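Student: I would like to learn how to read a protein model step by step. Could we take one feature at a time, with the general idea before the case itself?

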Amino acid sequence: MKYYVPSPLISFPIWNNAAASWGGLDASLTWVNSGEHIYATNESRGNTVAWTGVTRKKGTVQDPPTPCVGGFFATGQVEVVINWTSVSSYTTAQKQGVAAHEFGHALGLAHNTSSPIKLMYPYDSNRHSAGVTTPQSDDKAGINALY
Ligand SMILES: [Zn+2]
C-alpha cells in the first residue's frame with residue numbers, strides 16, 4: 001500500500017515512523033508523492049470531535065462512529081487523520097501509536113478488544129496504560145491473514 005503525507009507537515013515524521021512500525025509484513029507501507037492509496041494528514045479539530053485519529057473515505061468530512069472505524073476502505077483510497085489538538089499532551093511515541101492504529105484500519109483491520117491490549121484496541125487511554133504504541137504480534141498476524 002502506498003501512502004502520501006503532504007509536506008511540510010508537523011505530523012510527517014510521525015506518519016513515517018508509524019508506517020515503519022508495520023514493516024516486515026506481507027503488506028508493506030511505502031511512501032510515495034503521488035498515486036497513493038492512503039492520504040495521511042493532521043487536522044486541528046479541538047474538542048469538536050471525539051476522536052484523536054480517524055480513518056475515512058478520502059474527501060469526506062463526516063465522522064464515523066466513535067472512536068473510529070475501519071476495514072471498509074481497504075481496496076479504495078482512504079485518508080488517515082490525527083486530530084492534532086487532542087493529542088497535544090501525548091508523547092511522540094503515543095502520537096505515533098495513533099498514526100499506526102489508523103494505518104491498521106487503512107490496511108483493513110477492525111478494532112480488537114481481546115486481551116492483552118493490542119494496537120487495534122479502540123481507546124488510546126488503555127493502549128497508553130499498557131504501553132502499546134506499535135503493532136503487536138496479533139495485529140501483525142491480522143495483516144498477514146488479510147494479504
Ligand atoms: Zn480505531
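Student: What pLDDT does the protein average?

Tutor: The term pLDDT is the predictor's confidence in each residue, from 0 to 100, and where pLDDT is low, the predicted coordinates should not be read in detail. Here the protein averages a pLDDT of 85, and 87% of the residues score at least 70. This is a predicted model, in which local features need pLDDT of at least 70 and side-chain atom pairs count only at pLDDT 80 or more, while totals for chains, interfaces and linings use all residues. Residues are numbered from 1 along each chain as its sequence is written, and side-chain values use heavy atoms, with hydrogens and water left out.

Student: How many helices and strands are there in the protein?

Tutor: Helices (H or I, at least four residues) and strands (E, at least two) are DSSP runs, numbered from the N terminus. The protein has four helices and five strands, and along the sequence they follow the pattern β-α-β-β-β-β-α-α-α.

Student: Which strands are joined to E3 by bridges, and how do they run?

Tutor: Two strands pair if DSSP finds at least two bridges between them. Strand E1 (residues 2-4) runs parallel to E3 and is joined to it by two bridges, with Tyr4 standing opposite Tyr39 in E3. Strand E5 (residues 78-83) also runs parallel to E3, through six bridges, and there Tyr39 stands opposite Glu79.

Student: Why is strand E3 described as largely enclosed by the rest of the structure?

Tutor: A residue is buried when its relative accessible area is under 20%, exposed when over 50%, and partly exposed in between (1.4 Å probe, protein chains only). Five of the six residues of E3 (residues 38-43) are buried, so this strand is largely enclosed by the rest of the structure. In the protein, buried residues make up 47% of the 147 residues.

Student: Which residues touch the most other members of the largest nonpolar core?

Tutor: In soluble globular proteins, nonpolar side chains tend to be buried together. A nonpolar core is a set of buried Ala, Val, Leu, Ile, Met, Phe, Trp, Tyr and Cys residues joined through side-chain atoms within 4.5 Å. The largest one has 29 residues, of which Trp15, Trp22, Leu29, Ile38, Ile82 and Phe103 touch the most other members. Helix H1 (12-21), E3, E5 and helix H2 (92-106) are the elements that give two or more residues to this core, and H2 gives the most, with five residues.
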